[in-house]
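Visitor: I am new to reading protein structures. Could you take me through this one, side chain by side chain?

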Amino acid sequence: MSDENILEMRSIVKLFPGVRALDDVNLEVRKGEIHAICGENGAGKSTLMKVLSGVWPYGTYEGDIYFDGKICRFSTINQSEDAGIVIIHQELALIPELSIAENIFLGNERADKGVINWVSTHARAQDLLTKVGLHEDSNTPVKDLGVGKQQLVEIAKALSKDVRLLILDEPTAALNEAESAHLLDLMRAQRDAGVSQIIISHKLNEISEIADRVTVIRDGKTIETMDVTDGHADEARIIRAMVGRPMDSRFPPRESNPGDVLFEMKDWWVRHPINPNRWVCKGSSFNVRAGEVIGLAGLMGAGRTELARSLFGHTYGIYESGQLYKNGEPITINTVQQAIDHGIAYVSEDRKALGLNLLDDVKYSTVMAKLSKAADHGVLKREYIQRTAEDYRRDLRIKAHDVGVNVGTLSGGNQQKVVLAKWMFTDPDVLILDEPTRGIDVGAKYEIYQVINDLVAAGKAVILISSELPELLGVSDRIYTIFEGNVTGEVLAKDADQESLMRLMTDTSNVA
């Protein structure tokens, strides 16, 4: 093992039933560097890190792991953490009912003679929260935080340990640009402190900005390792290595020909579900036309998701007043079923908690949102369900060897495609997409953008919520900006840029 390397993984092979997830993968990470791993969804990136961290213990894979010059055969996560390897998984590992402080030090309690020192626990937790830029009381239950803030708690939890190699699996997927920039600054500070880091990310602009080197994995195999600092590892080269072909454009072309207003929200007021004195929607109004994509832009906590969930059957918050219209006629939506009956679908930002039953298989997950369509006189049409799920698997390029596999075994990006298939099966007129490409590679993003184009070409209306401003600008026809529950602006995407959107996203002049 080279003296400059802190980690070497040699000839790693990992098999699952019917799938060769890793096939002779090699990885070298130098001391004090930030090393990026890129690849399409299902390429094997997260599996490789689970092998390294002991999630997949020694004996369940082939190959050797050397850490700081010593061969390692981890059987548990505790063993890898004792060695100084800490991983932050793409899917959050927090207990919702516990406080932030309790989650940060779970399994690593600050105790005196077996008794937890709560003063020390909360003081240290607040220090860590300040470090990661999360301005919350450490007594706050994690269930009261959004996905992005929960990700920052995970990072604080990792920094509470004696880390020598920090692994971050899609750490900025749930963060907007400001929070992402703060996290990258944290990574630089850790590098300056001598901590080696591995980052898995689909945000290639971040890779170019933060990484020293990048290794590309495709179909479970190591393709190449590039040096970012010499200027030769540009985004085009990384994409070509990831997908095996050049991509001339990130967004498929589309002609915008909006029709009449299909769906409209007027003067929408919703209170916070826990603190009724706090408004999450303050007189919000917007509309979307047939054959149109509108974007909802806002910083974390602005109220985008709260607005979407409140109109989708009042699944968030306490509805106070406001009116919804479809094709110019007022409609009432008090339940999710009523929303579906009115042709409205919502793809949640949290696919694990709100989008899927992880114990179910792909085929039944695909038809779950509208079982009546998959049944005849109350009896499920199994051949129809099988055929329909196979069609969506093919059209959305879901990487699963058949539709009978458990959705919990799929990669995050492929789970997201199953959620999209589930709501497309309802044949909606209005499709609300809440962070639909979070944690998805550039190739899969392009495919989802194409699905959006096909939907609007068929006269559907799409409402897109995204923390990535280039995505909103590249996909939307119009963009509404939101700040603290207020709609602060409306612009044509072709006339906007990131700076103008950011100004509107932080505009306090219209705050009620």
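Guide: Here are some questions about backbone angles, rings and charges, with answers.

Guide: This is a predicted model, where local features need pLDDT of at least 70, side-chain atom pairs count only at pLDDT 80 or more, and totals for chains, interfaces and linings use all residues. Residues are numbered from 1 along each chain as its sequence is written, and side-chain values use heavy atoms, with hydrogens and water left out.

Visitor: Where is Asp 219, and is Asp 219 buried or exposed?
Guide: Look between strand E11 (213-218) and strand E12 (221-227): Asp 219 is in that loop. Helices (H or I, at least four residues) and strands (E, at least two) are DSSP runs, numbered from the N terminus. Buried means under 20% relative accessible area, exposed over 50%, partly exposed in between (1.4 Å probe, protein chains only). Asp 219 has a relative accessible area of 53%, so Asp 219 is exposed.

Visitor: What is phi of His 377?
Guide: His 377 lies in the loop between strand E19 (375-376) and strand E20 (379-380). His 377 is not glycine, yet its phi is positive. The value is near 55°.

Visitor: How many aromatic pairs does the count come to?
Guide: Rings of Phe, Tyr and Trp (its six-membered ring) pair if their centres lie within 6.5 Å. Planes under 30 degrees apart count as stacked, over 60 as edge-to-face and the rest as tilted. By this rule the count is 10.

Visitor: Why is the pair of Trp 269 and Trp 279 given the type it has?
Guide: The ring centres are 5.0 Å apart. Trp 269 is in strand E13 (residues 261-271) and Trp 279 in strand E14 (residues 279-289), 10 residues apart. Their planes stand at 80°, so the pair is edge-to-face.

Visitor: Which type of pair do Phe 312 and Tyr 346 form?
Guide: Both residues are buried. Their ring centres are 5.7 Å apart. The planes are at 45°, so the pair is tilted.

Visitor: Which ring lies under the charged end of Lys 14?
Guide: A charge sits over a ring if NZ of Lys or CZ of Arg is within 6 Å of the ring centre and within 35 degrees of the ring normal. Arg 10 gives one example, with its charged end over the ring of Tyr 66, 4.3 Å from the centre. For Lys 14 the distance is 4.5 Å, and the ring belongs to Trp 56.

Visitor: How many residues apart are Arg 254 and Asp 477?
Guide: Their side chains meet in a salt bridge (3.3 Å, N to O). A salt bridge is a side-chain nitrogen of Lys or Arg within 4 Å of a carboxyl oxygen of Asp or Glu. Arg 254 is in the loop between helix H8 (235-243) and E13, and Asp 477 is in the loop between helix H16 (469-475) and strand E23 (478-483). The pair links distant parts of the chain, 223 residues apart.

Visitor: Which residues are linked in a network with Lys 326?
Guide: Lys 326 meets Asp 429 in a salt bridge (2.5 Å, N to O). Lys 326 is in strand E16, and Asp 429 is in the loop between helix H14 (412-424) and strand E21 (430-434). The network of salt bridges links Lys 326 with Asp 427, Asp 429 and Lys 460.
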